[in-house]
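Notebook open, model loaded. I wanted to go through the fold piece by piece and jot down what I looked up.

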Amino acid sequence: MAQHGNPVASSQKALMLEMKSLQDEPVEGFKITLVNESDMYNWEVAIFGPPNTHYEGGYFKALLKFPVDYPYSPPSFRFLTKMWHPNIYENGEVCISILHPPVDDPHSGELPSERWNPTQNVRTILLSVISLLNEPNTFSPANVDASVMYRRWRESKGEDQEYIEIIRKQVQATKSEADLDGVKVPVTLEEYCVRTQVPPTDDGSNLLYDDSSSLLYDYDPDDEGQADNYRDICFTDNESDNDYY
């Protein structure tokens, strides 16, 4: 796709519009700020663990870094909080199709339509990441050991708790970080699904509660249709399943 004009000015405008959109219509379960008020290309994201999942009460920080030719190229999403997950590398980088460049790579196992395209945006990225936390892709894991452990939990129908115990310890470890940041993490479904704009901080920036409403119940490995039910939890009237993919 041909690009015209100044790519920096174009991408900055696109990001400013996206930030405004997230302020006007937040996605529940996230807190978003700029790392530096003068830099639109680096966003700090905090994810609140969805209630009634193993991530409940968690406060997970990440860095969303945009290229100067955004939205023609995808941003990167890297967790700053230590995460144990099949699709998160040891350095915190998230491996997810939506953040992969739109090239035809037959060896990747991904369809070009599953990869990044300029119609995607921050909202779809956030929703995809929160969904990935609870629905790992074990076919092409970034963390093989975590993938094996997760599959063992699923195949044992929850009897093997090693994977879940690690998640619980990580959730517990994030609570001190939330306290330091003065953040109250939503722990009930009612708190989690309410779209709320936090009052401006001392430096004038806005903190946004946002989330991806997927996977808000305890996972039952025997219920193959449960994932579809998760997506009905925090939708507003103008949202649909199509917004999540």
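My entries follow, from the whole chain down to single residues.

**Ground rules.** I am working on a predicted model, where local features need pLDDT of at least 70, side-chain atom pairs count only at pLDDT 80 or more, and totals for chains, interfaces and linings use all residues. Residues are numbered from 1 along each chain as its sequence is written, and side-chain values use heavy atoms, with hydrogens and water left out.

**Whole chain.** I looked up the elements and got six helices and six strands. Here helices (H or I, at least four residues) and strands (E, at least two) are DSSP runs, numbered from the N terminus. Read from the N terminus, the order is α-β-β-β-β-α-α-α-α-β-β-α. The chain has 245 residues, and 46% of them count as buried. For the record, buried means under 20% relative accessible area, exposed over 50%, and partly exposed in between (1.4 Å probe, protein chains only).

I also looked up the surface: the chain exposes about 12,700 Å², with carbon and sulfur atoms supplying 51% of it. Those areas come from the Shrake-Rupley method with a 1.4 Å probe, and for residues only the protein chains shown count as cover. Then contacts, meaning heavy atoms within 4.5 Å. Among those between residues at least 6 apart in sequence, 61% join residues at least 24 apart.

**The sheet.** Which order do the strands take in the open sheet of four? I read β1-β2-β3-β4, with antiparallel pairing. Two strands pair if DSSP finds at least two bridges between them. β1 (30-36) and β4 (76-79) stand at the edges with a single partner strand each, so one side of each has no neighbour in the sheet. From one strand to the next, the twist averages 25°. A reminder to myself: strands of a sheet pair through backbone hydrogen bonds, either parallel or antiparallel.

I went through the pairs next. β1 and β2 run antiparallel and are joined by six bridges, and a hairpin of two residues links them. Across this pair, K31 stands opposite A46 in β2, and T33 has E44 of β2 as its bridge partner. Both strands are mostly covered: five of the seven residues of β1 are buried, as are eight of the ten in β2.

On to the other pairing of β2 (residues 39-48), which I find antiparallel with β3 over seven bridges. I47 faces F60 in β3, while N42 has K65 of β3 as its bridge partner.

**Helix α2.** I checked α2 (residues 122-134) for length: its 13 residues reach 19 Å from first C-alpha to last, close to the 18 Å expected at 1.5 Å a residue. The expected span is 1.5 Å times one less than the number of residues.

**T138.** I stopped at T138, in the loop between α2 and α3. T138 touches S147, Y150 and R151, leaving out residues up to four places away in sequence. Its C-alpha is 9.9 Å from that of H85, a residue 53 places away along the chain.

**Helix α4.** α4 (residues 162-181) has 20 residues and reaches 30 Å from first C-alpha to last, close to the 28 Å expected. Its buried residues are Y163, I164, I167, Q170, V171, T174 and A178. What covers them includes β3 (59-65) and α3 (144-155). After α4 comes G182, with a positive phi near 70°.

**α3 against α4.** The axes of α3 and α4 come within 7 Å and cross at roughly 115°. Contributing to the contact are A146, M149, Y150, R152 and W153 of α3, along with E162, Y163, I164 and I166 of α4. By class I noted seven nonpolar, no polar and two charged residues. For the classes, Ala, Val, Leu, Ile, Met, Phe, Trp, Tyr, Cys and Pro count as nonpolar, Asp, Glu, Lys and Arg as charged, and the others, Gly among them, as polar. Axes are lines fitted to C-alpha atoms, for helices over the stretch in contact, and angles run from 0 to 180 degrees between N-to-C directions.
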